[in-house]
Protein chains: 4
Amino acid sequence: MIVAMQEKATEEQIDYVIEAMVEEGVEVHRTTGETQTILAAVGPTAALDLTKFENLPGVLKVHRISSPYKLAGKGFRPEGTVVEFANGVKIGGEKVAVMAGPCSIENEEQIFEIAKSVKAAGAGFLRGGAFKPRSSPYAFQGLGIPGLKLMFEAARANGLLVISEVMEISQIEPMLPYVDCFQVGARNMQNFNLLRELGPAKKPVLLKRGMAATIEELLLSSEYIMSGGNYDVILCERGIRTYETATRNTMDISAIPVVKKLSHLPIVGDPSHGTGHRDMVAPMARAAVAAGADGIIVEVHPNADKAASDAAQTLYPEQFEKLVAELRVIAKAVGRSI
Amino acid sequence: MIVAMQEKATEEQIDYVIEAMVEEGVEVHRTTGETQTILAAVGPTAALDLTKFENLPGVLKVHRISSPYKLAGKGFRPEGTVVEFANGVKIGGEKVAVMAGPCSIENEEQIFEIAKSVKAAGAGFLRGGAFKPRSSPYAFQGLGIPGLKLMFEAARANGLLVISEVMEISQIEPMLPYVDCFQVGARNMQNFNLLRELGPAKKPVLLKRGMAATIEELLLSSEYIMSGGNYDVILCERGIRTYETATRNTMDISAIPVVKKLSHLPIVGDPSHGTGHRDMVAPMARAAVAAGADGIIVEVHPNADKAASDAAQTLYPEQFEKLVAELRVIAKAVGRSI
Amino acid sequence: MIVAMQEKATEEQIDYVIEAMVEEGVEVHRTTGETQTILAAVGPTAALDLTKFENLPGVLKVHRISSPYKLAGKGFRPEGTVVEFANGVKIGGEKVAVMAGPCSIENEEQIFEIAKSVKAAGAGFLRGGAFKPRSSPYAFQGLGIPGLKLMFEAARANGLLVISEVMEISQIEPMLPYVDCFQVGARNMQNFNLLRELGPAKKPVLLKRGMAATIEELLLSSEYIMSGGNYDVILCERGIRTYETATRNTMDISAIPVVKKLSHLPIVGDPSHGTGHRDMVAPMARAAVAAGADGIIVEVHPNADKAASDAAQTLYPEQFEKLVAELRVIAKAVGRSI
Amino acid sequence: MIVAMQEKATEEQIDYVIEAMVEEGVEVHRTTGETQTILAAVGPTAALDLTKFENLPGVLKVHRISSPYKLAGKGFRPEGTVVEFANGVKIGGEKVAVMAGPCSIENEEQIFEIAKSVKAAGAGFLRGGAFKPRSSPYAFQGLGIPGLKLMFEAARANGLLVISEVMEISQIEPMLPYVDCFQVGARNMQNFNLLRELGPAKKPVLLKRGMAATIEELLLSSEYIMSGGNYDVILCERGIRTYETATRNTMDISAIPVVKKLSHLPIVGDPSHGTGHRDMVAPMARAAVAAGADGIIVEVHPNADKAASDAAQTLYPEQFEKLVAELRVIAKAVGRSI
C-alpha cells in the first residue's frame, strides 16, 4: 500500500498517518519529494483495509500495490492449471474444449437428440439448465433434478461429460451424482456462501463472470472456491453490461488475454449469452478461440426457435457443426486443437 | 408485443410470423405501411417470450409493449404503498425514514453507543451487518446471529427498529426474531431463490438495486417477493457501476423519480455505498431527499476511521446529526418531514 | 509516479527501470519490502508519460500520484472561482444561478415570449441553441447567427444574460457580440482545438461533461481553456452514458461534490439533458441544488410538446416557475439563495 | 413509429395522440387490445421526432420501428461496399487490410524505418499521427503538416498508402495532398461539422467509433459523410468505455458482426487503442479477424518503449511480423487472405 499525501500536508498530518499505518502492523518507508510526501507500507499488507486511510487528514489518495488475490494469481502456479475429468478430458491444456447443449433441459427426447448431435459435431461436454434463474417470476423455471438425471443419461449414452448450473447451496448435494462440472452463473458470481460450499464439493466449477464484475473481482470470487480446497476452477467470459443495446451483453474478449496474464486458471468463452443473437454466436466463438480461450460453451437446440428459453441465441445443430469446423482451423493458428 | 418486419419481407415470411404468433395464443393485428409491415399481438402477451420471434426470417425487430411486471406496477396500487412497522413507524408516507448504523456489528459497546447516538439525531431504524458479503475471502465476515442479537437489544433499548442483511435462505429463520426489516443486498438482487423465500417470511424487505441492474429489473425482482404474498417491499438505490472512478459507484438519483413514476413501492437512497466517500455522503443524502426519496440509509460509527469495514464511507455521529438537520429543511421543501 | 515491481523482479530488472526513470529527469527513491520493491519518482513528474514504464520487464503496475491538472486543481485557488458577468451577476458565489430557455431558437415570437417568462420566474440567463449538433443529418440544424441575434435582443429586452453553444472554431468570432457565455457541448468536451481557441476569447465558458468523460477528464479539458488565459470556466454535469435506459442519460449528481472537492471551478447541473424526460427535470434540478450545485440550466418552451427539438425534456413555463419556487427553499437549506 | 398507450388511457387521450400524429403528416393504424391500445404511424416516419409524443397524456412508450439511417443501411447496397484506392488496394473485399505505424510521426529516420519494416511484414497502409488529440494540454501535440509530408514520402518510397487523423476542418485542405485516407478519431465521431466537410473531400474516410457511441450512432455519423456524396467510409471499432480497468477500453469485437448485419460498410479493428496494452494487441487483432473484420490498424515502433506517445500499446516490429503471420492463417479460416 502507498499513501500519497496532499501537496500541502503538514508534518503533523504525515506523522498521524504513519502512526495509523504502524498500528496496523506494517513498517513505513517515507519518500519526501519536492512537492509531495509518499508513504509506502512494507510488511503484511495483504489484509490491510485501504479505506481506513483515505479520509485521514492530509491524505490525497491510497493505492493498492500488491494484488488482492493469492491462489488465483499467476505466481501461484506459473505453469497454468489443467483441469482433468474422469474420462481423461482436460481443460486448460492443448485441446480447446467444446461444451454445447440446450439452455433448458425440456424432455427426454430433446436432450437425447441434442446429446447425439453435439457429440457428432465434436463437443466433449453436454450443457443444459435444470434450474433456471429468470428475471421474471412468470417465466419457465426448469425441470429440476429429474431433468438433470435425463441429461446425465443422455450424456453418458454419448460419451459426454455433464455441466449444469447450481443456483443454491441446497442443490449441491442432489446435483452431485449427475454432474461432472458445476456451473456458477453470472448472477451468483458474488454469492459468496455458495462459492464457499463449492470448495469442499470436489468437482470442477465453471465460474461465470458477473454482468458488472471486473476481472479482478472474478479472480477474487475464484479465490473463495480455491481457499476451500477446490483448485479445479474454470473461468468463463459471458459478456458484461454496457450502454450498447445491439447485443444483449458486450462480450469482453479481452478478458481472455487479461486472465492469461494475471492467472493460471483456464478461461472459456460463452458467445451465446455474450451476444444474445444467433447470428453473432459463431463470429464471437471464433474470436474467443483466436484470442486464446481454452474452450467455448454454446447453446444448441434441434428446434432452436421453439426452445423453452433463450431461443434467440441458440444455434441449430447444423450451424453448430459448421462452427466447430471453423474453430478447428483457428485453433491450429494459435497452436491448439479440438 | 410488436413485430416489425424488414422492408423487403415477403408475404410468405409475414404469414410465417403470423402463424408463429397465433400458435403462442395471441391474436394478430397487421398494419401494412408503404415500406414496412407491423404485426401487433393482442391478447395474453405477458408470458410471451419475445426472443422466439427475433430470428424468424424477415423480422427486423421485436418490441415489448406492455410492462413485464404486474404487482410492482403503478397501476396495481395507484395510491402508493405505505409499509407500516409494529411501532407505527411508516415508510412511503409523509415522513422521510432515516436508517443509520455501522457497516458491521462489531461488539456490544459499539452497537449500543451507535444506537443511542443515531436515535438522538433522529433515526428511526438501526442498521448493521451480521453477515458480510466481502469480495475477498480474507476480509472480516461478520459476527453472525450473536451480533444480530446485540443489535436487536441495542435497538429496542433505544426505541429503534432493526434492519439487517440476509444473504442466504438458511439465515431467514434464525434472523426472524431479531429483525423488523430484512435487507437484500445489491449482489443478491437477482438471487431469485432467496427472494422467493422472503415472500412467505412476512416481514418487510428492503431490496437494494444490483450494481448492474436496470430499474426494470429491480421492479421484476420485487415481483418475486410480492408474488409470494409479501407486499411490504422497499426499494433502495445504492449506486450503479459506471466507468467513473472518482466515486465507488455512481448513485443514480434519477432512479427515485423513475420508480415513483413506474411503481407504487417506496424507495430510499443509500449514499454511503452510493459514493464510497465520507465527504460525499451528506450532499448525496440531501440530493436523494430533494428528488423525492422516502428515506435514506447511512453508515455511522463513533470511531469511523477504525470501523471494521467501509471505514471510508462511514460518518462520524456529529456529521450524521448535522446531516439530519439539513434533511429536515429539504424535506419541507418537498412537502415531507422527518 | 510510483512503479510497483513484480514480486519476482530481479535486481537487473529493477536497475533497468531505475535507469529509465532517471533518463526522464526524475530522482528515484527505492523501497524494498519483504516481497516487493517500489520505486517512487521525485522531481518534475507532471510531464512523465506513465505508459512508458508499464511494459518494462519486471514491472507490475505504474501509479500516478500527483494530479494531472494544475490550473483546475483546488490548490490553485483554494477560495474558489467566482465568474462575474458585465451586469454584476455571479456564478460560484452565494447565489444559485438559473439558466433557462428553449433547446433551439425557433423564431422571434418564441424567443421573446420565453425570455419574458423565464425572467419573471427568476432566471438570470437565457439559453438557446443557434447551431444544433444532431446525431442524424436529417434533423433540424438550427437558425445560426440570425437566430442568436434574436435571442440576444430578447435577453437584453428582459435584463437577461445570453448563453449559447459554440460548435466550431469558425463560429467563435461571429458569436462573440451576441453571447455573454459560450457553451461547449458534451460532444465537444474533448475537441481540444476548439477549447484552445476559447482561451483568448475572453468570455466565460460553460463546459459540459462528455457523455463518457470522467470528472478528471472534464477538469483536464477545462485546463485547455485556462492555459490559454481564460479562467472563467463553469463546469456542467449533464448526465453520462450508462446501461440504464429509463433515462436518456444517467445524471451523475455526485460529480457536484467531487468537483467541489478537487477543483475551485463552479459547477452547474443540466437536468434536461441529464434525464431526457420532462417529469424528471424538477426532481433532478432539486437534487443538484441540494448537492451543492452553483446553478442549473433547463429547457423551457411555451409550447413544449411542439418544440423543434428536445420536446420530451422541455418544461412548460408554469412547471419552470414552480421549480424555481422549490429551489429557493432548498437553496436556503444549503446556505444559498436564488 | 409505434405509440403504445397506457392501459387506462381514455378515448379522449387516444384521439388527442392520433391527431398529433396526423398533424405530423403520417397515417395512423389503431390496434385495440384487451388491455391496451397501440397506434402505428404509416407514411413518412423517418423524419418524425419521437420525443414529441412521449409526454402526451396517456402515452406509455414510443418505439422507433424503422432504422434512423438510410445510406448506411444494408438495404442501400446489399452486396457490400468495397473501398478502392489509387494503387488498386481494396478494403471490404476478400483481402484483409493491414494498417500499421507509429502513434505519432516523430522524425524522418523513425518514419522511414517503420515504413520499411511494416511493408516487409505485409502491411498495405502506413498510419501515423501528425496532429495529436491529447487529454492533457501539456502532452506532445504532434509535428503537423511537415510530419505528414515525411510520412507521405516514407510511404511512397515503400509502396504504402497513407492514413492519418484529421482533427479540424481547417486541416482538411493542407492534408489532402499527403493522405490516401482520412482518419476521424473517436473524440470527433460526433463532430458533425467536420464530418459534413469530409463529404466533398472525396478521399476515403476511416471513421472510429466514439468511446461512448452505440453502433447505431456510428452508422448515423457515417451518414453525415455519405450524405455529402462520399460513400467511401470505413468504420473502425477501437474500444468503448466500460467500468473494466484492466484494459484501457473494452474492445467490442461483437461490433464487427453487428455492423456486417446492419450495414454495407467495411469495418476494421484497432486493437492498440482497444486494449492499451502491448501484450493484448495480438490476441485482439486475431479475434477481430476471426470475427470477420475487413482489416486491422495497429501501432508499431522500432523502439516501442521510447515512443513519443502510446508507448504501452505499441508493438515492436518483430511482434508485428509474428502477428501478421498468425493473421494469415486465421484469415483463411474465414475465407479471406492477407
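In what order do the four strands of the open sheet in chain B stand? In this predicted model, the order is β2-β3-β1-β4, and the pairing is antiparallel. The edges of the sheet are taken by β2 (27-32) and β4 (59-63) of chain B, and since each has a single partner strand, one side of each is left without a neighbour in the sheet. On average, and with direction ignored, neighbouring strands are turned by 20° against each other.

One of the pairings can be followed in detail, namely that of strand β1 (residues 2-5) of chain B with β4(B), which runs in the antiparallel sense over four bridges. Within this pairing, Ile2(B) has His63(B) in β4(B) as its bridge partner. Helix α1 (residues 11-23) of chain B packs on the sheet, where it touches β1, β2, β3 (37-42) and β4 of chain B, and the direction of the helix makes about 10° with that of β3(B).

Two packed helices are described by the angle between their axes and the distance between the axes. In chain C, helix α3 (residues 108-121) and helix α11 (residues 317-333) pack at an angle of about 20°, and their axes lie 9 Å apart. An angle under 35 degrees counts as roughly parallel, which is why α3(C) is described as roughly parallel to α11(C). The crossing of α3(C) and α11(C) is right-handed. On the α3(C) side the contact is made by Ser117(C), Val118(C) and Ala121(C), which meet Pro317(C), Phe320(C), Glu321(C) and Val324(C) in α11(C); by class, this contact has five nonpolar, one polar and one charged residues.

The next step is from single chains to the assembly. The contact between chains A and C takes 20 residues from each of them. On the side of chain A that touches chain C, β1 (2-5), β2 (27-32) and β3 (37-42) of chain A each supply at least two residues, and the largest share, three residues, comes from β3(A). By class, the residues of this side of chain A divide into seven nonpolar, nine polar and four charged.

Chain D is superposed on chain A by a rotation of 180° with 0.0 Å of shift along its axis, at an RMSD of 0.0 Å, and that is the relation of a two-fold axis. In chain D, the C-alpha nearest the axis belongs to Ala287(D), 2.0 Å from it. Because 100% of the interface residues of chain D are also interface residues in chain A, the copies meet through the same surface.

Technical notes. Residues are numbered from 1 along each chain as its sequence is written. Chains are lettered from A and ligands numbered from 1 in the order in which they are written. This is a predicted model: local features need pLDDT of at least 70, side-chain atom pairs count only at pLDDT 80 or more; totals for chains, interfaces and linings use all residues. Two residues are in contact if their C-beta atoms, placed from the backbone, lie within 7 Å. Ala, Val, Leu, Ile, Met, Phe, Trp, Tyr, Cys and Pro count as nonpolar, Asp, Glu, Lys and Arg as charged, and the others, Gly among them, as polar. Copies are superposed by least squares on the C-alpha atoms of residues with pLDDT of at least 70 in both. Axes are lines fitted to C-alpha atoms, for helices over the stretch in contact, and angles run from 0 to 180 degrees between N-to-C directions. Angles under 35 degrees count as roughly parallel, over 145 as roughly antiparallel, 65 to 115 as roughly perpendicular and the rest as oblique. A crossing is left-handed if the near helix is turned anticlockwise from the far one by less than a right angle, and right-handed if clockwise. Two strands pair if DSSP finds at least two bridges between them.
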